[in-house]
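The sequence and structure come first, and the description follows.

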Amino acid sequence: MRSDTSDVPRCDDGTVSDGRERGWAAPSGPPVSPQGASGVATGADGGGTPAGPATEPGGRALPFSTPAEAAEWWLRPVIESRTWVSFAYLLVGGITWPIAFAALLVVAALVFGLAVVVVGLLLVVPAFALVEWFAGVERRRAGWVGRPVPEPAVARGTGGAWSELRACLGDPVRWRHVGFVASGVVVGPLFLAIGWILWGLVARFLFAAGDGIAALIGGWLLAVLVAGAAARATVAVARVQHSYVRWFIGPDEEARLAERVEELSAQRQQILEAVDAERRRIERNLHDGVQQQLVAIGIDIARAQARIEADPEEASALLGDARDKLRGSIGELRLIGRGLHPSVLDEHGLDAALSSVVAGSPIPISVEVHVGDDLADDVATTAYYVASEAIANILKHSAARVASVRLEEDASGDVLRITVHDDGGGGADPVRGSGLAGMRARVEGLDGRFELMSPPGGPTILAASIPLRGRDGSDG
Amino acid sequence: MTEPRIRTVVADDSVLLRDGVVRLLDDAGFDVVAAVGDGDALLDAVTELEPELAIIDVRMPPTHTDEGIRAAIAIRRTHPEVAVLVLSQYVEERYATDLLSGDTTGVGYLLKDRVVDVEDFVAAVRRVAAGGSAVDAEVVSQLLGRTARSTELDRLTPREREVLGLMAEGLSNQGIADRLVVSLGAVEKHVSNVFTKLDLDREDHAHRRVLAVLTFLGDRS
């Protein structure tokens with residue numbers, strides 16, 4: 001005989017959790033093993049280890065060994081708070097869902113009735129809002145018997161009553177919620193009935209009319225027997241209703257994941273393009289800059305060699321030219337290397353790295369870095385890149401007289417803000433300047449945001465924010 | 001007896017490099033009559049000054065892609081008596097073939113790196129100015145590496161392969177002899193063998209046999 005396993009709380013996805021979730025009391029009484037590991041997991045892998053009862057060594061089939069223990073095990077759900085919470089959950093649902101349906105009917109009647117007079121149209125958005133409110137309440141209430149149901153994304157208008165109306169009418173998610181309310185008139189009472197039906201039996205046995213002590217005691221015994229089943233049924237049906245609510249008005253995991261995949265694909269594309277543009281820029285810098293310089297140095301040396309005996313002074317002068325050019329090439333290579341990855345960032349941190357970037361600047365640029373040392377590598381590198389690119393742009397294009405760079409964590413400590421300000425001529429265009437597009441791609445690739453305010457005439461403010469935690473977009 | 005100085009125009013948008021090449025040519029006895037930085041200025045200078053030689057960088061403003069090649073081809077069309085030597089950052093086979101297809105009199109394609117080997121560079125420049133050809137060794141080695149004719153090439157001895165390569169670069173027999181430090185007679189024998197083994201039409205003029213060899217090597221059939 002397989003005992004039902006409803007005494008071990010199970011989450012919707014089939015894994016086993018300990019009973020200590022919201023609203024659940026830990027099972028009281030001596031630890032009792034679930035009926036074999038396979039009984040708990042029902043086909044899935046063993047799931048989480050129940051933190052409550054330990055598995056009996058040997059995995060004995062029955063969780064009790066004496067009749068007294070058997071009785072205690074059977075009747076325990078009757079006194080557990082979980083049972084009565086489920087009871088209440090079903091009851092409230094059974095009452096409120098039909099009421100909600102009635103309200104929906106009234107509103108619908110109003111809307112259609114008054115649609116002719118346009119007033120009806122004005123009621124549509126509030127009606128949907130009411131539906132949303134009710135759905136939200138039901139999602140939270142579902143937390144009584146399981147994990148609270150997360151909110152799905154609903155479409156909103158972009159501003160203005162008309163767009164709000166269109167968003168409501170065109171949103172399949174909102175209509176689904178309407179369907180939820182509409183079907184609730186039948187489903188709510190149905191769940192209540194099924195969940196409570198055995199209690200009716202219990203009551204009948206308890207108050208059975210009959211003569212004699214024997215009948216009375218018999219009735220009580222039967223009542224007690226059925227009570228155990230009734231309690232379990234109540235809990236089970238409540239969980240079913242929880243799943244129903246989650247399925248109906250919870251988030252559409254598939255849709256959410258599909259959206260996220262699209263988002264990530266777009267980000268990836270952006271990053272690939274930015275990396276490509278970077279590479280080409282570096283190649284150009286190397287070829288047009290450094291390579292030319294090296295060939296010119298080679299010419300100087302060759303000419304010096306040709307003169308070394310006939311005109312040693314001229315040869316010496318040429319070699320001096322060669323050294324000057326060499327110094328230029330070395331400097332240029334250093335700049336190119338910094339663009340690739342600055343070693344000073346790894347060794348001495350953001351503050352030192354950015355200070356060295358502004359060190360040679362002809363205009364005063366203040367650097368304020370208020371971040372901890374525990375910044376993730378990719379965040380630090382991106383922050384450095386954005387700031388140093390911004391500084392390079394300022395020096396090259398803006399004709400500013402003063403500029404500032406500020407890095408800080410926001411109040412919650414969850415977001416890194418990068419702010420670069422200059423009082424130059426403005427007019428920076430993130431679409432045209434490939435450096436700016438690369439910055440944006442990098443920042444957005446870390447799920448950050450990138451804003452550039454650069455009106456012609458200036459001043460220019462660049463603001464980027466990069467989340468420091470929970471970057472995979474999961475909702476917890 | 002002074003040789004007439006060859007009137008030359010240099011076109012390169014990098015001031016540093018342009019300057020270096022000008023001085024180098026000056027040292028070598030060329031008469032640099034103009035040094036310009038873009039394709040239009042080059043064409044103007046050639047029209048006005050009628051030089052004998054133009055040394056042109058492949059990449060110039062505005063797009064920094066192939067302005068030099070296009071200018072070179074235009075000059076070959078409008079001023080066929082002007083010898084043209086194109087300098088490139090790296091081997092661009094497409095440009096090389098564009099330039100070298102057809103008449104290879106007085107045309108050359110070299111890597112900028114070659115400039116540093118001043119003697120070889122000047123020799124190549126003189127060769128082109130005199131109506132010969134100059135094809136960068138790198139281009140030749142790429143062609144030799146990728147050619148579909150490897151079975152035929154296998155018939156050649158290593159020395160003959162060397163000679164073939166130098167012929168492809170545009171060197172005359174004397175040039176090959178100097179480079180390999182052998183006698184002219186030996187070179188002539190090798191050349192003869194190469195033509196026989198590869199079944200090529202005999203070409204005596206260096207610039208024509210460049211074309212023959214390059215066509216042979218570039219054959220994709």
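In this predicted model, B:Val9 stands opposite B:Ala34 of strand 2 of chain B. The pair belongs to a parallel pairing in which 5 bridges join strand 1 (residues 7-11) of chain B to strand 2 of chain B.

**The sheet of chain B**

These strands are part of an open sheet of 6 strands in chain B, ordered 2-1-3-4-5-6 and paired in parallel. Strand 2 (31-36) and strand 6 (133-135) of chain B are at the edges; each has a single partner strand, so one side of each lacks a neighbour in the sheet. On average, neighbouring strands of this sheet are turned by 20 degrees against each other, direction ignored.

**The sheet of chain A**

Chain A has an open sheet of 5 strands in the order 1-2-3-5-4, with mixed pairing. Its edges are strand 1 (365-370) and strand 4 (449-453) of chain A, and because each has a single partner strand, one side of each is left without a neighbour in the sheet. From one strand to the next the twist averages 5 degrees.

Strands of a sheet can pair parallel or antiparallel, in either case through backbone hydrogen bonds.

| Strand pair | Direction | Bridges | Residues standing opposite |
|---|---|---|---|
| Strand 1 and strand 2, chain A | parallel | 6 bridges | A:Val369 and A:Leu407 |
| Strand 1 and strand 2, chain B | parallel | 5 bridges | B:Val9 and B:Ala34 |

Helix 10 (residues 343-359) of chain A lies across strand 1 and strand 2 (403-409) of chain A, at about 175 degrees to strand 1 of chain A. Helix 11 (residues 377-398) of chain A lies across strand 1, strand 2, strand 3 and strand 5 of chain A, and runs at about 10 degrees to strand 3 of chain A. Together with strand 1 and strand 2 of chain A, helix 11 of chain A makes a β-α-β unit that is left-handed.

**A helix pair in chain B**

At what angle do helix 3 and helix 4 of chain B pack? The angle between helix 3 (residues 67-78) and helix 4 (residues 93-100) of chain B is about 5 degrees, and their axes are 10 Å apart. The two helices of chain B are therefore roughly parallel to each other. Helix 3 of chain B contributes B:Ile69, B:Ala72 and B:Ile73 to the contact, and helix 4 of chain B contributes B:Tyr95, B:Asp98 and B:Leu99. By type, the contact residues are 5 nonpolar, no polar and 1 charged.

**Positive phi angles**

Most residues other than glycine have a negative phi. A:Asp447, which is not a glycine, has a positive phi of about 65 degrees. A:Asp447 is in the loop between helix 12 (434-445) and strand 4 of chain A, and counts as partly exposed because it has 16 C-beta neighbours inside 10 Å.

B:Val181, also not a glycine, has a positive phi of about 55 degrees. The loop that holds B:Val181 runs between helix 9 (173-180) and helix 10 (184-198) of chain B. With 6 C-beta neighbours inside 10 Å, B:Val181 counts as exposed.

**Contact between the chains**

Notes:
Residues are numbered from 1 along each chain as its sequence is written. Chains are lettered from A and ligands numbered from 1 in the order in which they are written. This is a predicted model: local features need pLDDT of at least 70, side-chain atom pairs count only at pLDDT 80 or more; totals for chains, interfaces and linings use all residues. Two strands pair if DSSP finds at least two bridges between them. Helices (H or I, at least four residues) and strands (E, at least two) are DSSP runs, numbered from the N terminus. Axes are lines fitted to C-alpha atoms, for helices over the stretch in contact, and angles run from 0 to 180 degrees between N-to-C directions. Two residues are in contact if their C-beta atoms, placed from the backbone, lie within 7 Å. A residue is buried if 20 or more other C-beta atoms lie within 10 Å of its own, exposed if 12 or fewer, and partly exposed in between; C-beta atoms are placed from the backbone. A crossover is right-handed if, with the strands pointing away from the viewer, the path from the first strand over the helix to the second runs clockwise. Angles under 35 degrees count as roughly parallel, over 145 as roughly antiparallel, 65 to 115 as roughly perpendicular and the rest as oblique. Ala, Val, Leu, Ile, Met, Phe, Trp, Tyr, Cys and Pro count as nonpolar, Asp, Glu, Lys and Arg as charged, and the others, Gly among them, as polar.
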